[in-house]
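Trainee: Could you take me through how this assembly is put together?

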Amino acid sequence: MGGLIKSSIARKVAMALSGLFLVFFLLQHFSINFTSVFSPETFNELSHFMGTNPVVQFALQPVLIFAVIFHFVMGFILELQNNKARAVKYAKYNGGANAPWVSRNMIYSGLVVLAFLGLHFYDFWVPEMVYKYVEFAPEDPTRYYSELLHRFESPIRTGLYVVSFVFLALHLWHGFASSFQSVGFNNKYSVAATKFAKAFSIAIPLGFVVIALVLHFNH
Amino acid sequence: MNLTLKIWRQKDAKSKGSMVNYPISGIEDDMSFLEMMDVLNEELINKGEEPVVFDHDCREGICGSCSLQINGQPHGPDRLITACQLHMRSFKDGDTIFIEPFRAKAFPVIKDLMIDRSAFDRIQQAGGYISVNTSGNTVDANAIPIEKENADDSFAAATCIGCGACVAACKNASAMLFTSAKVSQFALLPQGQVEATDRVMAMVNQMDEEGFGNCTNTGACEIECPKGISLENIARMNREYLAASLKG
Amino acid sequence: MSILDSKIPEGPLADKWTKHKNEINLVNPANKRNIDIIVVGTGLAGGSAAATLAELGYNVKTFCYQDSPRRAHSIAAQGGINAAKNYQGDGDSVYRLFYDTVKGGDYRSREANVHRLAEVSTNIIDQCVAQGVPFAREYGGLLDNRSFGGVLVSRTFYAKGQTGQQLLLGAYSAMNRQINRGKIKSHTRHEMLDIVKIDGKARGIIARNLVTGEIERHSAHAVVLASGGYGNLFYLSTYAMGSNVTATWKAHRRGAYFANPCYTQIHPTCIPVSGDHQSKLTLMSESLRNDGRIWVPKRKEDAEAIRAGKLKPTQLAEEERDYYLERRYPAFGNLVPRDVASRAAKERCDAGFGVNKTGEAVYLDFAAAIQRYGTEKAYTSGNSNPTKEEVTKLGTDVVEAKYGNLFQMYEKIVDENPYETPMMIYPAVHYAMGGLWVDYNLQTTIPGCYAAGEANFSDHGANRLGASALMQGLADGYFVLPYTIGDYLSNDILTGKIPTDTPEFDEAENQVKEHIQKLMSGSGTHSVDYYHKKLGKIMWNKCGMSRNEKELKEAIEEITALREDFWKNVKVPGTSDTMNPELEKAGRVADFLELGELFAKDALDRRESCGGHFREESVEPSGEQKGEALRDDENYKYVAAWEYQGVPQKAKLHKEALVFDNIELKTRSYK
């Protein structure tokens, strides 16, 4: 992947664009999930649509998976390269004096989010794939909500989700706003755009936390 | 005041270096940081030891020679100044001060605190100019009016002194602020338009070749820049680069 | 006198340069490819010369001691660059710029050179704008100008307080274009240590690679010295720490005459010395004198109380202050030329009215300007009855917009807020008008060796006006040297590459190596700085702002003794085969120790007061001008060019008579 896009700026823009795509996906994911809080029927309907619509399944889903993989693999490549760019480290480095912790530690917040994605895939995506494409089980448009509830029975898993969302928020806090800069957007609208991005970075993960907790305690 | 200095000593480019402790006394508030270093060196010379080598020249914050990482920050704790403009009143009696060279793979150490920043020169040689001959009868200077705002922004970008604090501060040792300042200076002027496409491509390619890290928008460069060069320049360079890439 | 042929072309003043350009020989493009030129120094003069010569097709090698050409000290020039563009329509012309420059130089410069400078000044601005130098502009998008140093027109182009930086980056970018083409080979962290002469012509240099310590031979068909001025002779100055006289001094020792070394500019507005640790002085732009009022207390007791910290300047009422420039020079007031303002400050401080703890500082006060601007601003924004606080606030904003960066710099260094308490300033060594003697073609008395910019004795006579140095450096490099050097090189088209394995190179290299060996083998009692500081003290006290016979003679003796001691006892740690800044400094100080002696000798010889050179024996005896500098045109209307004779004080004087056909010599009066 590093070989495809060589220049540092092209990579940076690719990181920003894939990130923005994931932000958009997150919003969509959140919107659907949020219906589970107040209307299990709507949730089931939407989930069924997403799970069976061929465009979603065979066009959007591969793009999404590619974006996820691209984003983290490129993130690793860049991190390794950045590490090499300063072979001898400082004896004393006061990074906190000029940049916030979240901005300097995207790799760690990213790694937590990546680990979470593993868990999340294991919880939902893998069983779903097995259900549909391995076992060829019969369609059941009402199964989604109960499966969802089932996953949030365990307080440990719910806790893990909540912690992961906090890291997701940290990752978004820097990543979303900074993607504007990466694609060259820095003008008089930037202050507003940054405010929006920061609000989004708190609101969406917080919403996910609420959903997780509601589902856990609804059980 | 009395201080403990922890200074990076390295015999030459090939040798391994290490931090060495130097207690120092009799430092006055009015001294600049480099004058404090002069005091230390005078002591070392009188003791028969080799003085600490560091780059410095104008001592008024404009030549960009200073390249000291002081207590983990380029040019020390104050903002909008270089190390030569930092005064000892910023420290207090008993302080321990870490003094290291700006560190980046693209800035190899020559000796002690002195580094080789010729990578910056090569980036500019790759395209940081307008190809105009010195004929003496180019068009009249007032033939092309330039919007004041653009002229001012171009000037602001051009005030970069090429010290490398941006690279030193960046956790990735990225040279984007420096390169973008140079690209922006010309991109904002009509004279710079003709070669704009080639310029940004060539300069970015050279920057990458030198082994600087990638920009992750932490903003540390802008904060540590002694001339306050804005991050807007990086965004502008990103735009210029994208446009140039699409144009081919 | 006969040896010095200034080669000024015949004909009317305004036509000389054009005619000369039309008549000199050219080198055809194919032959230029076979000709090498060495340029030492990469500031405005060297950088612009190197770029232009490479552009023409010559193979250029540049040398600078800094790690990048862009760091040459031209970068520190703040104020601006003059050009007779007359964009403001205020009556400026090439002739006026010429006239102001000759008069400002106290009639000690060459008419023809200065006129050429004024002619090409307009080309410089065109060239720089085409290169992308971002000069200040007005809202209409056209270039802005300001007035400078008390001249009557606005002809100074500027880029905030960083004009030198912007111009140098322009020249550097032109160099970069040629480096990218392979036409310039840039040698950074290299120091020229000798010039090599073959058959009497300059044919190369010996340089030390400062990183490896290696001694290198470089040959060329011509050598251009653009290595700047020698003000660091005084130890404390506004020069860069590395600024030195070595390149030009070595050329002097090899036969280039050194002209007018005693013409040194002491700039009136610098931040005063704070203590013995001081390594360098910082200039506050002359533009501050447009709005600041200079004063000291009227009563000595008040000055003493201020020095003791018992009294604050703001506590002194208007009538207790002595605005001595306004008092002595009512016509020009605070805007008198640099030499006059500097001497007046020294006079007050010597009389015991100095205001900082060392007693060597005067006030530069912006309180009146703040009130004036504040009232004006309040009025234009419709507030006809503003409170005192409102006026101060508005006025402070205006002053901040104009000088904010300078005020901030002052506060960083002195730790006092100049908006609230007056600034303290004192004169400091700033520029060297003297330098290598050159003819109209900028060639020194060594054929093939040229000098440009501050390194030559230049066009500034005995005193330089503000915003003239940048103009001269770029004029020499962009528009004069590239033409005149071709005339000389047209004889070299068949010469072929100059070999470096010749006895002349052997001899020069051996001499350099011996010199270094000698520096390294001092007994080791005192550091290099010890000697440099001592030399600086002698120069400042006895060859500074005012000079007299007795002290100049003492200075010569003291410098001779100091030099002997230096060679016996200097301590240079480390080895010579590696990066060794102490060794570099030692070599430079060794040359200063010789130049200082010649400086004093030149000052002693010139028993008149002119420009930056003030002889206490030569003052107006009576009348309105009583006590002011008295020039002696009858006996001293000449350039003093010194020929090296083994020891500086034995140097032989050659006089180039100055002829003024177009300007009437007048007493400079600023009353």
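Predicted model: local features only at pLDDT ≥ 70, side-chain atom pairs only at ≥ 80, totals over all residues.

Trainee: Which chains share the most contacts?

Mentor: Chains B and C do, of the two pairs of chains in contact. Residues are in contact if their C-beta atoms, placed from the backbone, lie within 7 Å.

Trainee: And how far apart are the nearest C-alpha atoms of chains A and C?

Mentor: They are 20 Å apart, and chain A does not touch chain C.

Trainee: Back to B and C: how many residues are in contact?

Mentor: 65 residues of chain B meet 64 residues of chain C.

Trainee: Which element of chain B gives the most to that side?

Mentor: α1(B) does, with seven residues. Helices (H or I, at least four residues) and strands (E, at least two) are DSSP runs, numbered from the N terminus.

Trainee: Now, what domains does chain B have?

Mentor: Chain B has domain 1 (3-111) and domain 2 (118-247), with bounds from an automatic or database domain assignment. The contact between them takes 19 residues from domain 1 of chain B and 16 residues from domain 2 of chain B.

Trainee: What separates their centres?

Mentor: 29 Å, taken over C-alpha atoms, lies between the centres of domain 1 and domain 2 of chain B.

Conventions. Residues numbered from 1 in each chain as written. Chains lettered and ligands numbered in written order.
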